[in-house]
Amino acid sequence: MCEPRYFDVRYAINPWMREDAPVDTALALAQWQNLIEAYRAHGHTVETVQPVPDLPDMVFAANSALVVGGRVLGSNFHAEQRRPESVEYATWFKAAGFDVQRPESVCEGEGDLVPVGRYVLAGTGFRTTREAHAEAQEFFGVPFIGLRLVDPYFYHLDTALFALNDPEGDGNIAYYPEAFSAGSREVLAHLFPDAILATRDDAMAFGLNSVSDGRHVFVAPQATGLVDRLAERGYVPVPVDLSEFHKAGGGIKCCTQEIRS
């Protein structure tokens, strides 16, 4: 995770961003710290990356890489403003002892690449390209399932879908079907017949920008319907309000890079 010391909305690269919308940096920092405390209270280890001036979106650590089996595929951002973030995160990973492969194609890490069971679900349509899916599959040697996003409010896969990380079985997901093309909806229905389906209200509240450890789901409290459905399925919702980050199109998952050893 990366402290939001310089978090701001200085440009608009998704429909959530309004350059004239003021950001309360102190509130953002307090919300971010609450997320760290929630993770640690539930037994998770949190490492931090130093923020860099003039990189206001660096707080969205999920976009920096995908880590599977201790292997790191870095990022190659679509927006010019975010490209320097790739270098900063690669530097951190290398200092931590990881080798980092930089993709040639546009690839925005866990923003569009979501490991679920034996697969990696791979979003495209707005940011990460299909060519990046192929690069990542060759690098990791696991099957990638391409999914097309069609609603610009859900510009990254992790705004429309998250892995429930069930400890047994092939994994399951929660997702908002209308964020996807018709063919991608059929693929998801085939692969995950027992998925939790979210409403548009849940999705617009960043309910699908969640992190699950298989039992606890760190979720936006504004996604009330999804919170109820998670509890009905036996998960334990852990509401954490990151609403200040919604101004830039991000939430809990966007602020969280998962390191899978």
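About 60 Å³ of space lies in the largest cavity of this predicted model, one of two cavities of 30 Å³ or more that the structure holds. The largest pocket has about 670 Å³ of space.

**Cavities**

- The lining of the largest cavity is made up of 13 residues, and those nearest its centre are Asn14, Phe60, Arg82, Tyr155 and Ala248.
- Sorted by class, the residues that line the largest cavity are six nonpolar, four polar and three charged.
- The second largest cavity has a volume of about 50 Å³, and the residues lining it include Cys2, Glu3, Pro4, Arg5, Tyr6 and Phe7, as well as Pro51, Val52, Leu55, Pro56, Met58 and Val59.
- In the lining of the second largest cavity there are ten nonpolar residues and two charged ones, with no polar residue.

**The largest pocket**

- The largest pocket, with its space of about 670 Å³, is lined by 32 residues, among which Lys253, Thr256, Gln257, Glu258 and Ile259 are the closest to its centre.
- At least two residues of the lining of the largest pocket come from each of helix H2 (83-95), strand S4, strand S7 (161-163) and strand S10 (211-212).
- By class, the lining of the largest pocket consists of 17 nonpolar, eight polar and seven charged residues.

**Helix H3 and its surroundings**

- Helix H3 covers residues 130-140, and its buried residues are Ala132, His133, Ala136, Phe139 and Phe140.
- These buried residues fall within an arc of 130 degrees when H3 is seen down its axis, so they line one face of the helix.
- An α-helix has 3.6 residues a turn, and therefore residues three or four places apart point the same way.
- Glu131 and Glu138, by contrast, are exposed on the other side of H3.
- The strands against which the buried residues of H3 pack are S1 (66-68), S2 (71-73), S3 (100-101), S4 (113-116), S5 (119-124) and S6 (144-148); strand S4 also supplies at least two residues of the lining of the largest pocket.
- Gly141, which comes just after H3, takes a positive phi of about 70 degrees.

**The sheet of three strands**

- Strands S7, S8 and S9 form an open sheet in the order S7-S8-S9, and the pairing in this sheet is mixed.
- S7 and strand S9 (196-197) stand at the edges and have a single partner strand each, so one side of each is left without a neighbour in the sheet.

**Residues other than glycine with a positive phi**

- Asp54 is not a glycine, yet has a positive phi of about 70 degrees, and this residue is found in the loop between helix H1 (25-41) and S1.
- Asp54 counts as exposed because its relative accessibility is 58%, where the cut-off for exposed is over 50%.
- Asn165, also a residue other than glycine, has a positive phi near 55 degrees and is found in the loop between S7 and S8.
- Asn165 counts as partly exposed because its relative accessibility is 31%, a value in between the cut-offs of under 20% for buried and over 50% for exposed.

Key
Residues numbered from 1 in each chain as written. Predicted model: local features only at pLDDT ≥ 70, side-chain atom pairs only at ≥ 80, totals over all residues. Heavy atoms only, no water. Buried < 20%, exposed > 50% of the residue type's maximum accessible area, 1.4 Å probe, protein only. Helix = DSSP H or I, 4+ residues; strand = E, 2+ residues; numbered from the N terminus. Arc of directions from axis to C-beta. Contact = heavy atoms within 4.5 Å. 1 Å grid on protein atoms, 1.4 Å probe; cavity = no way out; pocket = protein on both sides within 12 Å on 5 of 7 lines; lining within 4 Å. Points joined across faces, edges and corners; volume = space filled by probe spheres on them. Nonpolar A, V, L, I, M, F, W, Y, C, P; charged D, E, K, R; others polar. Pairing = 2+ DSSP bridges.
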